[in-house]
Amino acid sequence: MSFQTDNKLIKWFDDRLPLVTVMHHTFVQHPYPRNLNFAYQFGSILGVMLTLQIVTGIVLAMHYTAHTSMAFDSVEHIMRDVNYGWLLRYMHANGASMFFIAVYLHMFRGLYYGSYKAPREMIWMIGVVILLVMMATGFMGYVLPWGQMSFWGATVITNLFSALPIVGDPIVTWLWGGFAVDNPTLNRFFSLHYLLPFVIFGLVFLHLVALHQKGSTNPLGIEIKGPADYISFHPYFTVKDFFGFAVFGTVFAVFVFWFPNYLGHADNYIPADPLVTPAHIVPEWYFLPFYAILRAVPDKLMGVLAMFAAIGVLFILPWLDRSRVRSAAFRPQYKWFFWIFALDCVVLGYVGSQPAEGLMLVISRIATIYYFAHFLILMPVLGWFERPKPLPTSIAEAVLAGKTSTSEGEKA
Amino acid sequence: MVYRSIKVLAAALVGLGLTTGAALAAGEVKPPRTVDWHHSGPFGTYDRAQVQRGFQVYKEVCASCHGLKYIAYRNLMEIGFSEDQAKAIAGEYTVEDGPDASGDMFERPARLSDKIPSPFPNANAAKASNGGAYPIDLSLAAKARVGGEDYLYSLLSGYTDDTHGHECSTGTYYNPYFPGSCLAMPPPLLDDLIEYVDGTPATTEQMSKDVSAFLTWTAEPKMEERKQMGFKVIVFLIIMAGLLYAAKRRIWARLH
Ligand code: HEM
């Protein structure tokens, strides 16, 4: 069971603290399905992005000042006077966006291949918690530079809680640490923005423990049956993942070095001014679908609840999906609905960026209803109606057959 | 260039649904005119001569209302001024310092390490002299407005008497590029308002471009360094991706 070696020092160490054994188990002994495709790439990318955010963030924090009268200037100080400060800040700001791109793709992978289905419900649910904490972290991070969007975004989002009956207003005052978004708010957001990434780190650990308990899914959605079905992580997935890092890193670099402000808002280069409201208050792009749902509902409280429900529904997805078959590759109807759902999310994102009026409001309402219908109606009902395609008997059989004729599972 | 077409596309999207030129209806904002800047594109660098001219426009025109608080006089050496020139420029300004040994504030000529100050002692004084409107600090202007330097250029060269039926209240001036159409800044530039040191004819068009290029530099002084490093990083990553892909193919070929 434990790692075998002749090296006395490693033996002594590993006997007392079995880190080498754990690594050996993870990367060499643990079986990984041999047919994992590039959609399975984003987990390791997320790990890299989290590390990168923590490293750049800690260095930024050494030069940043969390005070309303100095925060904006300190960010400009980082941009202009700190060695490679511009690089750190642009990596951190665009890194947050890349982090969300990766997490959304990672989740769509899960939706397509049914990764949330039994026996992997815990992995999925911990993932949803990670998403929530990431959102809180990203939101509070965006407040730190204390530009116009920082201030007004914080005001709008924290104000949402005032929709709650009775407790609403006291909660908002408590969140703010006063009667408006002000210095106490900025200070606590900085403190929490520093803390939460480490909470995410802990959650990722749990996510991986749960993953290793049940193993990865794969594009065929059938379980590993014998040694021909699996391979070790190293060297197969090490090399594959590193290739993925290089590709993802290239996209990241294009943003950091050529379009560093493309994903941000011009208004955030105007220092926060509580007396001047920007024409359009728009959150960062990664919140837009949820922002659209919030504004699609005419009632404020219901809107807030709908927005939280949009994430909450993901928690119960493992029980909403009634299909016997896991992978969309063998679910002819679900496959279509998956893509329609993905499109629906993009539409929600777009209308979220537009003023909520006229045609945009109508579209946002239709798209919101569809979002919930997908989970609450389609997922349960499809399981009943759909005639899944026959599943291959084993991963190895399908992969080897795919080498001569391209079967559906191999392509997917 | 891809870069340029993205910009044109973005401008087109912004302009979508807007009528341009003569048919501009009330309340509509004209999309900025795009300029083929020397500093745009993946390898673009600041045109030193242009940026220096832009500084001259700033110093002789804009500085009477706008500050540049993130730029120190020493930074001017980054756009090609010699140390002596930068010192001489600093010497033309006075800044408040102190308190001295007896506790009094005093004025002294600026040094290289000083930042370019606002001409007004505080925001209220600035507003009081400008009909209640605040002349922003220009350091970040090019990043703080949608349309960036194209917008600055269009705004500065875009004042017109043809107000398309707009009534601007006294003390505000019509400009089709300004969101809100009337702004409190009087047209700051006129043909031959200044005389360029390098002899370039000082048309409104030329000065608007030059000062916008200068303000792009003040907003993004590390742009050249950024693009240069980016090029190295991208080349490295693409080569790595190629090698890793080949390695992946070889390693996976062991499986059958
Ligand atoms: C989950 C990981 C993280 C995410 C998603 C994230 C996200 C963000 C975002 C979106 C911003 C605003 C960027 C801007 O427009 O300037 C920001 C700023 C900041 N973050 Fe983070 N962050 C993470 C981790 C960290 C960590 C671990 C630290 C510190 C130890 C940190 C420190 C800072 C500081 C000091 C700023 C303000 C400077 C600036 O605005 O550039 N971050 N973060």
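In the predicted model, 36 residues of chain A are in contact with 39 residues of chain B. The two chains bury about 3,300 Å² between them, and 71% of this area lies on carbon and sulfur atoms.

On the side of chain A that touches chain B, the elements that give two or more residues are helix H4 (71–80), helix H5 (85–113) and helix H10 (236–258) of chain A. H10(A) supplies the largest share of this side, with 14 residues. By residue class, the side of chain A that touches chain B consists of 25 nonpolar, three polar and eight charged residues.

Attention then turns to the nonpolar cores. The largest nonpolar core contains 122 residues, of which Trp124(A), Tyr371(A) and Phe375(A) touch the most other members. The element that gives the most to this core is H5(A), with 15 residues; H5(A) is also among the helices that give two or more residues to the side of chain A that touches chain B. When residues up to four places away in sequence are not counted, Phe375(A) touches Val313(A), Leu314(A), Leu317(A), Leu320(A), Phe341(A) and Pro380(A).

Conventions: Residues numbered from 1 in each chain as written. Chains lettered and ligands numbered in written order. Predicted model: local features only at pLDDT ≥ 70, side-chain atom pairs only at ≥ 80, totals over all residues. Heavy atoms only, no water. Contact = heavy atoms within 4.5 Å. Buried area = accessible area lost by both parts, 1.4 Å probe. Helix = DSSP H or I, 4+ residues; strand = E, 2+ residues; numbered from the N terminus. Nonpolar A, V, L, I, M, F, W, Y, C, P; charged D, E, K, R; others polar. Core = buried A, V, L, I, M, F, W, Y, C linked by side-chain atoms within 4.5 Å. Buried < 20%, exposed > 50% of the residue type's maximum accessible area, 1.4 Å probe, protein only.
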